[in-house]
Amino acid sequence: MPHTAESAWRECLAIIRNHIAPQGFATWFTKLEPVVLEEESGNIKLIIRVPAPFHYEYLEGQYSGLIRSALTQVLGEQSLLYYEVVVTQSTEQDQQSYHVQASTKTSINPKPKVTNTNDSKKKSPLIESYTFDKFIVGDCNNLAYSASQAIADCPGGTAYNPFLIYGGVGLGKTHLMQAIGNHVRDYHPEKKVLYVSSERFTTDFVKAIQEKQISKFSSAYRKIDLLIIDDVQFFGGKEKTQEEFFCIFNDLQQNGNQIVLSADRPPKEISGIEERLLSRFCWGLQADLQPPDLETRTAILLRKSEEFGLNLPSPVVDYIAHNITKNVRELEGALVRLLAQATYTQQDINEELVRIALKDFVQRPHATLSIDRVQKLVCEFFGIDQHRLHEKTKKREIVQVRQLAMYLCRELDYTHKAIGLQFGGRDHSTVVHAIKSVNNLIETDANYQNRVEEIRRKVHLSSD
Ligand code: ADP
Ligand code: MG
C-alpha cells in the first residue's frame, strides 16, 4: 500500500524511537509534523515541518544520520527529506526574562535543506558555520586559535606543518580545523582542501584495496594542498592504514602541502600507532585545547544565545556558566535544551526554568551524606520527628516530607533500593513514585520549588 506523509513519518518515528533516549525523542521528534509526500523527478520527497530554526539545526547536527537511515528503510534509497522551518516573527524581551512567542508564520526555508539518503557516502564536507569569527578565544584555546589562523592565511607556508590540535571531546578541535578549511577555500580558492575523519580515511582505504583502486586512492590524496584529518587516534591498531597514511604524509610534507591533524589526547598517549608516524605528528606544532574557563564559558553563552536571537538575563547566564563546565558541546546542549523547554512550555527564561530544564546536565555532588543525615536535615526543616518517616501513615504532611527526603537522597545518587530500605523497609517502586511526585510538584508549584531549593542548599552545605 502506498504511503501517505503521515504513515511514512509514523514508520520513521517508530525506527527512530528505538535508537534514542525517551527524553531526546520527546524533545526533538514529537513536535515534528509530516506535511506532504510527493514524487519529484523519480524521487520520493517527504516534507516535515520543524517548529523553529534552532530545532532544525539541532536535528541536523545530532540526528541527521539516524533520520536518513530511517527514511531509507521506510521509503527506499531514492527518498529525499525537506524541512519546512516555522519562522517566529516577533519576540518579546524585557530586563528579567525572555518569552519565546508562539509561531506566527510558516514559511518554506528559503534555501530548503535537502537530506538525500544517497548522500551519506560522499566525503564529509566542511560545515560552513565553523568559522574563525564564531570561535570564542580565551586562555584555554589561545595558542591553537592563533596557529590555526596563521596556517589558514598561509597554508604550507609556516613552520607549523603538520599542525596537531589535541584535547578532550567537545572542546572545539573539529570547529577549528574546519575554520582553517573554510578560510582557505574562501581566500585561496586555487588550493584543494580536503577534510576527512580518520575513520573515513580508513574505510575509503579498505574499499580501495577491495576494489583494487589503491593507486587512484593515493594519487588523489597527493593532489591535496590542505589535508585535514580529524581524530587520528582512530588510526590506532590499523597498521595497513597507517602505512598508507605515512607515505601520503611524507609526500605532502616534502612538497610543502599543509597537513592539519587532531587527536583526543597528546600524541605520546595515543596507543597502537607506529613510532615513526607518531614522531612525525610532532614535527610541526602541537597545540592543546583546555576546558573553557568561567570567562570563556560566559562569553560562549552570550554569543550563542545571541545567535539564537535571545537576550538571556544575567542570572541565567551565570547559572549555566557556573554549572556546565566540562566542554563547549555540553554548554551548547544546555542552551538548546533550555530553549526547547521555554518554547514548548511557553515560559519565560528565568532562573527557575533554567534549574528545571538543566537538571539532568548539572552534576550533583556524589553521596557524601548518609541517608540518615538527609532525613535528619529534612525533618529539622519541617519540624517533625525523624521516626515518623518510617511510619506506615498516609497523613499528607508526613508523606510529602518523606517523599522529598527520598528525592534528595536520590539526588545524592543512592539507589532506589537503598533509599527504600532506610525509609522503613519500603519497596523501590515507592521511591520511584515519590520522586515522580516531587518532580510534578516542582514543575507546577513555584512555592514548593523554592522550598526544595532552600532545603537542597542546606543538604549540599551540610556534612555528616
Ligand atoms: P571536538 O571536535 O573537540 O569534539 P567540536 O569542534 O565538535 O569539538 O565542538 C563542539 C561544539 O562546540 C561545536 O558546536 C563547536 O562549534 C562548539 N565550540 C567549541 N569550542 C568553541 C569556541 N571556543 N567557541 C565557540 N564554539 C565552540
Ligand atoms: Mg571532533
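Reader: Hi! Is Gln-449 buried or exposed?

Author: Gln-449 is buried, because its relative accessible area is 5%. Buried here means under 20% relative accessible area, exposed means over 50%, and partly exposed is in between, with a 1.4 Å probe and protein chains only. This is a predicted model, where local features need pLDDT of at least 70, side-chain atom pairs count only at pLDDT 80 or more, and totals for chains, interfaces and linings use all residues. Residues are numbered from 1 along each chain as its sequence is written, chains are lettered from A and ligands numbered from 1 in the order in which they are written, and side-chain values use heavy atoms, with hydrogens and water left out.

Reader: Thanks! Where is Gln-449 placed, and which residues does it touch?

Author: Gln-449 belongs to helix 18, residues 446-461. Helices are DSSP runs of H or I with at least four residues, strands are runs of E with at least two, and both are numbered from the N terminus. Leaving out residues up to four places away in sequence, Gln-449 touches Glu-352, Ile-356 and Ile-442; contact means heavy atoms within 4.5 Å.

Reader: Nice. What about Ile-224, buried or exposed?

Author: Ile-224 is buried, because its relative accessible area is 9%. You'll find Ile-224 in the loop between helix 7 (214-222) and strand 10 (226-230).

Reader: And which residues is Ile-224 in contact with, beyond its sequence neighbours?

Author: With neighbours within four places in sequence left aside, Ile-224 is in contact with Lys-192, Val-193, Leu-194, Leu-252 and Asn-257. Lys-192 is 32 residues apart from Ile-224 along the chain, and their C-alpha atoms are separated by 5.1 Å.

Reader: Switching to the ligand: how many residues surround ligand 1?

Author: There are 18 residues around ligand 1, and the closest are Gly-170, Thr-174, His-175, Arg-329 and Glu-332. A residue counts as near if one of its heavy atoms lies within 4 Å of the molecule. The shell divides into seven nonpolar, six polar and five charged residues.

Reader: What side-chain distances do you have for the ligand oxygens, say at His-175?

Author: A side-chain N or O atom of His-175 is 2.6 Å from an oxygen atom of ligand 1. For Thr-174, a side-chain N or O atom is 2.8 Å from a ligand 1 oxygen, and a polar side-chain atom of Lys-173 also lies 2.8 Å from an oxygen atom of ligand 1.

Reader: How much of ligand 1 does the protein bury?

Author: Taken alone, ligand 1 exposes 560 Å², and the protein buries 93% of that. Those areas come from the Shrake-Rupley method with a 1.4 Å probe. Helix 5 (173-187), helix 10 (294-307) and helix 12 (328-345) each give two or more residues to the shell.

Reader: Last topic, salt bridges. How many are there in the whole structure?

Author: The search finds 16, a salt bridge being a side-chain nitrogen of Lys or Arg within 4 Å of a carboxyl oxygen of Asp or Glu. Glu-38 pairs with Lys-45 in a salt bridge, with the closest N and O atoms 3.4 Å apart. Glu-38 is partly exposed at 34%, whereas Lys-45 is buried at 9% relative accessibility.

Reader: And what is the distance for Glu-330 and Lys-326?

Author: In the salt bridge of Glu-330 with Lys-326, the closest N and O atoms are 3.6 Å apart. Elsewhere, salt bridges that share partners join Glu-351, Arg-355, Glu-411, Glu-453 and Arg-456 into one network.

Note on methods. A polar contact is a pair of N or O atoms within 3.5 Å; within protein, one must be able to donate a hydrogen and the other to accept it, and residues adjacent in sequence count only if both atoms are side-chain atoms. Ala, Val, Leu, Ile, Met, Phe, Trp, Tyr, Cys and Pro count as nonpolar, Asp, Glu, Lys and Arg as charged, and the others, Gly among them, as polar.
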